[in-house]
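Please keep the sequence and the coordinates at hand while reading.

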Amino acid sequence: MKLKKIAALIAVAGLSTSAFATNGYFSHGYGMKAKGMAGVGIALPQDALAAATNPAGITEIGDRLDVGVDWFMPRRSAEIRGNGFGWDGTYSGDGKKDFLIPEFGYNKKLGWDMAVGIAVYGNGGMNSVYNNNPFNAGPLTGASSNPGGVDLVQMFVAPTFAMKVNKNHSLGVSIVYGYQQFGASGLHGFGGSSTAPTALTNNGHDKSDGWGLRLGWTGKVTDNVTLGATYATKMKMSAFDKYKGLFAEQGDFDIPENYGIGIAVKATPKLTVAFDIQQINYSNVRAIANVNNIATGGQLGANDGPGFGWRDMTVYKLGLSYDYSKDLTLRGGFSTTRQPIPSKETMFNILAPGVVEDHLTLGATWMMANKGELTVSYMHAFKKTVNGSGSSVPGAYGGGEASIKMYQDSLGIGYGIKFD
């Protein structure tokens, strides 16, 4: 299919380096302006990346082009104690510390009531590089080696159409193409618990792709209040064949459905306050949600085999935008959630310690003489530690407990230009 080939080329072109995102493995926001406001955007479209959050919003942003890049700096570590296989110790997963996450958006009005656009953006991912592999000791490891870890990256390409059903209400739809890459290393020691030990680890990067839909609505209910809602279908992705002995359902790693509602209030002529609630249903993807059931005979790669045990997430985001002058807009925000990893699932999640919960963001946009805009955003995800409780199977993993820890920072810059 020609459209699939074009979308894949766009995704690969935007695919720079993988990263660990902030709400589980989803990004905290899309578009530099939204990122400076804790990711709010369901009822507050601000640039050509608006479709990544709510496709209905592109009717409000005019003709424009936006490009940007985030410098993402996650810090992750683990501690194992009381293990009978010699795994005890403190381990750093920061073998790779710095990542670049690109984004691109273009939007075009078709009269007063319709608009089309395209957004290319990193949905998220997970990365850990343990140069001192926690699983490279004792009788279980066998041929395990350094480093140990995983590397997942996801890019989306979203052609979008939106229209106003009247002057105050808009509907939109994005056909979303997803492209992902994955690799794992240093996991040979789990071969005895895998349905396909040769498709478990150290097979380089494999690729996967698939399609989904994102739907959206925005409605201006008063002169100062806008509401919004959005829904993204679960994306059925092709399997990671090189890792069919790791992920449940023989290498399947689908992208979960997610949805949300939002409100934006023009509190004063200069101040806008926005609030979003986002739901991410990780429990609908077995590779992510299956619990570690090796103690009862579960086999990695099987339909009901061990996964990462992640729970669903509900994310609350509050953002502020203040027009300090006609040329300078200041932004800030805070988001909070319950991280997805239960205390009994920490041992396997040494590979994917996505446990941060609270995010503080800042941002600003400078208007330039040529209708251009320069935007910067900063995000800090506060340190979070999850201590294991019943996190290791005594017979298979040697017992003991694992604690996992993470905090993050990112600094982004974007350039946008208006054509109307």
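## Gln 181

In this predicted model, Gln 181 counts as partly exposed, because its relative accessibility of 24% lies between the limits of 20% for buried and 50% for exposed residues. Gln 181 belongs to strand 6, and its side chain makes a polar contact of 3.3 Å with the side chain of Tyr 179.

## Gln 180

Is Gln 180 buried or exposed? Gln 180, whose place is also in strand 6, is buried, with a relative accessible area of 0%, whereas Gln 181 is partly exposed. The side chain of Gln 180 is joined to that of Gln 154 by a polar contact of 2.8 Å.

When neighbours within four places in sequence are set aside, the residues in contact with Gln 180 are Leu 152, Val 153, Gln 154, Asp 206, Lys 207, Ser 208, Met 237, Phe 240, Phe 253 and Ile 255.

## Phe 253 and the nonpolar core

Phe 253, one of the residues in contact with Gln 180, also has a place in the largest nonpolar core, which has 62 residues. Tyr 25, Phe 182, Leu 246, Phe 253 and Ile 350 are the residues with the most contacts inside this core. Among the elements that give two or more residues to the core are strand 1 (64–81), strand 6 (169–185), helix 5 (286–289) and strand 16 (401–418).

With neighbours within four places in sequence again left aside, the contacts of Phe 253 include Tyr 25, Met 126, Leu 152, Gln 154, Gln 180, Met 237 and Phe 240, as well as Phe 247, Ala 287 and Ile 288.

## Aromatic pairs

The count of aromatic pairs comes to 20. One of them is formed by Tyr 25 and Trp 310, with 6.4 Å from centre to centre and 45° between the planes, and this pair is classed as tilted. Tyr 25 lies in the loop between helix 1 (2–14) and helix 2 (32–35), while Trp 310 lies in the loop between helix 5 and strand 12 (313–325), so the pair ties together parts that are 285 residues apart in sequence. Tyr 25 is buried, at a relative accessible area of 0%, and Trp 310 likewise counts as buried, at 3% relative accessibility.

Which residues do ring pairs link into a cluster with Tyr 25 and Trp 310? The cluster also holds Phe 26, Phe 182, Phe 240, Tyr 243, Phe 247, Phe 253 and Tyr 282.

Key: Residues numbered from 1 in each chain as written. Predicted model: local features only at pLDDT ≥ 70, side-chain atom pairs only at ≥ 80, totals over all residues. Heavy atoms only, no water. Core = buried A, V, L, I, M, F, W, Y, C linked by side-chain atoms within 4.5 Å. Buried < 20%, exposed > 50% of the residue type's maximum accessible area, 1.4 Å probe, protein only. Helix = DSSP H or I, 4+ residues; strand = E, 2+ residues; numbered from the N terminus. Contact = heavy atoms within 4.5 Å. Phe/Tyr/Trp six-rings, centres within 6.5 Å; stacked < 30°, edge-to-face > 60°. Polar contact = N/O pair within 3.5 Å; in protein donor to acceptor, adjacent residues only side chain to side chain.
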